[in-house]
Amino acid sequence: MVAIVQGDNIHCTGSIISSRFIISAAHCARGVDTTKLEIVLGASNLKDPNNSEKGVIKRQIKSFESHNKYEHPRVDYDIAIIEVDEEILFVVSTFLSKLP
């Protein structure tokens, strides 16, 4: 599980599906500039000043692609793929979500 944050606030969440991609909801991009969002992995408290020493990983969003059939406010096709700017290294606090 990752946090999709804007500043110190959780905007949405997602799941890691590969070292470069996260699956989330399409509605997470609605009404926000996705270039201002950040991906945070391995944090239990976003405001902890010692997060970097605790192994918290941050990544910038390279692209945020919503399903082409998603239409707000419907929930059908409310899915998106996020590409991060740098590879995610899998360590104790970050795990890959297994998809069928």
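Analyst: Strands here are DSSP runs of at least two residues, numbered from the N terminus. The model is a predicted one.

User: How many helices and strands does the protein chain have, and which pattern do they follow along the sequence?

Analyst: The secondary structure consists of zero helices and six strands. Read in order along the sequence, these elements give the pattern β-β-β-β-β-β.

User: What is the radius of gyration of the protein chain, and what does the globule rule give for 100 residues?

Analyst: The C-alpha atoms occupy a box of roughly 40 × 30 × 20 Å along the principal axes. The chain is as compact as a globular protein of that length, because its radius of gyration is close to the value from the globule rule for 100 residues. Both the radius of gyration and the rule give 13 Å.

User: What share of the contacts between residues at least 6 apart joins residues at least 24 apart in sequence?

Analyst: A contact requires heavy atoms within 4.5 Å. Among the contacts in the protein chain between residues at least 6 apart, the share that joins residues at least 24 apart is 56%.

User: Which residues touch the most other members of the largest nonpolar core?

Analyst: In soluble globular proteins, nonpolar side chains tend to be buried together. In this chain, 31% of the 100 residues count as buried. The largest nonpolar core has 19 residues, and those touching the most other members are Ile22, Ile39, Leu41 and Ile82.

User: Which strands each supply at least two residues of this core?

Analyst: The core draws on several parts of the sequence, with at least two residues coming from each of five strands: strand 1 (2–6), strand 2 (9–16), strand 4, strand 5 and strand 6 (80–84).

User: With which residues is Ile39 in contact, leaving aside its neighbours within four places in sequence?

Analyst: Ile39 is among the core residues that touch the most other members. Its contacts beyond four places in sequence include Ile22 and Ile82.

User: Is Glu83 buried or exposed?

Analyst: Glu83 lies in strand 6, where it touches Arg20, Phe21, Gln60, Ile61, Lys62 and Ser63, residues up to four places away not being counted. The cut-off for a buried residue is under 20% relative accessible area. Because the relative accessibility of Glu83 is 17%, this residue counts as buried.

User: Which residues does a cis peptide bond join, and what is omega?

Analyst: Most residues other than glycine have a negative phi, and most peptide bonds are trans. Pro73 has its place in the loop between strand 5 and strand 6. The cis peptide bond joins His72 and Pro73, with omega about 10°.

User: What is the phi of Tyr77, and with which residues is Tyr77 in contact?

Analyst: Tyr77 is found in the loop between strand 5 and strand 6 and is partly exposed, with a relative accessible area of 41%. Although Tyr77 is not a glycine, its phi is positive, at about 60°. The C-alpha atoms of Tyr77 and His67 are separated by 6.1 Å. Leaving aside neighbours within four places in sequence, the contacts of Tyr77 are Ala26, His67, Lys69 and Tyr70.

Methods: Residues numbered from 1 in each chain as written. Predicted model: local features only at pLDDT ≥ 70, side-chain atom pairs only at ≥ 80, totals over all residues. Heavy atoms only, no water. Helix = DSSP H or I, 4+ residues; strand = E, 2+ residues; numbered from the N terminus. Rg over C-alpha atoms; globule rule 2.2 N^0.38 Å. Buried < 20%, exposed > 50% of the residue type's maximum accessible area, 1.4 Å probe, protein only. Core = buried A, V, L, I, M, F, W, Y, C linked by side-chain atoms within 4.5 Å.
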